Amino acid sequence: QEQLVESGGGLVQAGGSLRLSCQASGRTFSRYAMGWFRRAPGKEREFVAAISWSGASTDYADSVKGRFTISRDNAENTVYLRMNSLNPEEAAVYYCAAKGGAAGGIVLSTRYEYDDWGQGAQVTVSS
């Protein structure tokens with residue numbers, strides 16, 4: 001099991017930026033594929049971005065391509081999501097997720113593929 005703690009959420013104006021962090025416990029973080037999902041009120045949790053444990057492969061939802069960047073620092077057991085040009089429709093609780101035992105170049109883009117989830121970080125975007 002991997003304990004995941006998100007941070008960096010908050011309130012931004014439309015067009016602004018935030019960087020979310022997800023810090024994982026344990027020494028096996030470098031072998032975990034990681035992802036970010038978000039859930040807006042009344043909506044299902046949706047895929048945002050994913051990164052392989054090697055960091056070499058990434059995937060993004062079409063709606064965030066070119067604006068969001070997922071990265072990881074395995075030495076610090078942390079994955080990041082930099083979000084640029086945020087719009088009000090992207091206000092949501094953002095969750096990080098982990099899957100252990102994935103091959104180095106694998107990215108996982110669906111909820112069922114992940115084993116561990118953080119508690120979520122609230123991102124509010126004002127118009």
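**Exercise 1. How many bridges pair S9 with strand S10, and in which sense do the two strands run?**

Solution. This is a predicted model. Start with S10, which covers residues 116-117. Two bridges pair S10 with S9, and the sense is antiparallel. Now pick out one facing pair. Alanine 97 stands opposite tryptophan 117 in S10.

**Exercise 2. Find which strand is joined to S9 by eight bridges, then find the bridge partner of tyrosine 94 in S11.**

Solution. Take the eight bridges first. They join S9 to strand S4, residues 32-39, and the two run antiparallel. Within S9, valine 93 faces arginine 39. Next, turn to S11, residues 121-126. Three bridges pair S11 with S9, again in the antiparallel sense. Tyrosine 94 has alanine 121 as its bridge partner in S11. Last, check how covered S9 is. S9 spans residues 92-100, and seven of its nine residues are buried.

**Exercise 3. Decide whether tyrosine 32 is buried or exposed, and list its contacts beyond its neighbours within four places in sequence.**

Solution. Locate the residue: tyrosine 32 lies in strand S4. Read its relative accessibility, which is 11%. The cut-off for buried is under 20%. Tyrosine 32 therefore counts as buried. Then set aside the neighbours within four places in sequence. The contacts of tyrosine 32 are Gln1, Glu2, Trp53, Arg72, Ala98, Lys99, Gly100 and Asp116. Finally, look toward threonine 124. It is 92 residues from tyrosine 32 along the chain, and their C-alpha atoms are separated by 28 Å.

**Exercise 4. Classify the ring pair of phenylalanine 37 and tyrosine 114, and say what parts it ties together.**

Solution. The whole structure holds four aromatic pairs. In the pair of phenylalanine 37 and tyrosine 114, the ring centres are 5.5 Å apart and the planes stand at 80 degrees. Planes over 60 degrees apart count as edge-to-face, so this pair is edge-to-face. Now place the partners. Phenylalanine 37 is in strand S4, and tyrosine 114 is in the loop between S9 and S10. The pair therefore ties together parts that are 77 residues apart in sequence. Both residues are buried. Widen the view: Phe37, Phe47, Tyr114 and Trp117 form one aromatic cluster.

**Exercise 5. Which ring does arginine 31 lie over, and which ring has the charged end of arginine 45 over it?**

Solution. Take arginine 31 first. It lies over the face of tryptophan 53, at 3.9 Å from the ring centre. Then take arginine 45. Its charged end sits over the ring of tyrosine 95, 3.9 Å from the centre of that ring.

How values were computed
Residues are numbered from 1 along each chain as its sequence is written. This is a predicted model: local features need pLDDT of at least 70, side-chain atom pairs count only at pLDDT 80 or more; totals for chains, interfaces and linings use all residues. Side-chain values use heavy atoms; hydrogens and water are left out. Buried means under 20% relative accessible area, exposed over 50%, partly exposed in between (1.4 Å probe, protein chains only). Helices (H or I, at least four residues) and strands (E, at least two) are DSSP runs, numbered from the N terminus. Two strands pair if DSSP finds at least two bridges between them. Contact means heavy atoms within 4.5 Å. Rings of Phe, Tyr and Trp (its six-membered ring) pair if their centres lie within 6.5 Å; planes under 30 degrees apart count as stacked, over 60 as edge-to-face and the rest as tilted. A charge sits over a ring if NZ of Lys or CZ of Arg is within 6 Å of the ring centre and within 35 degrees of the ring normal.
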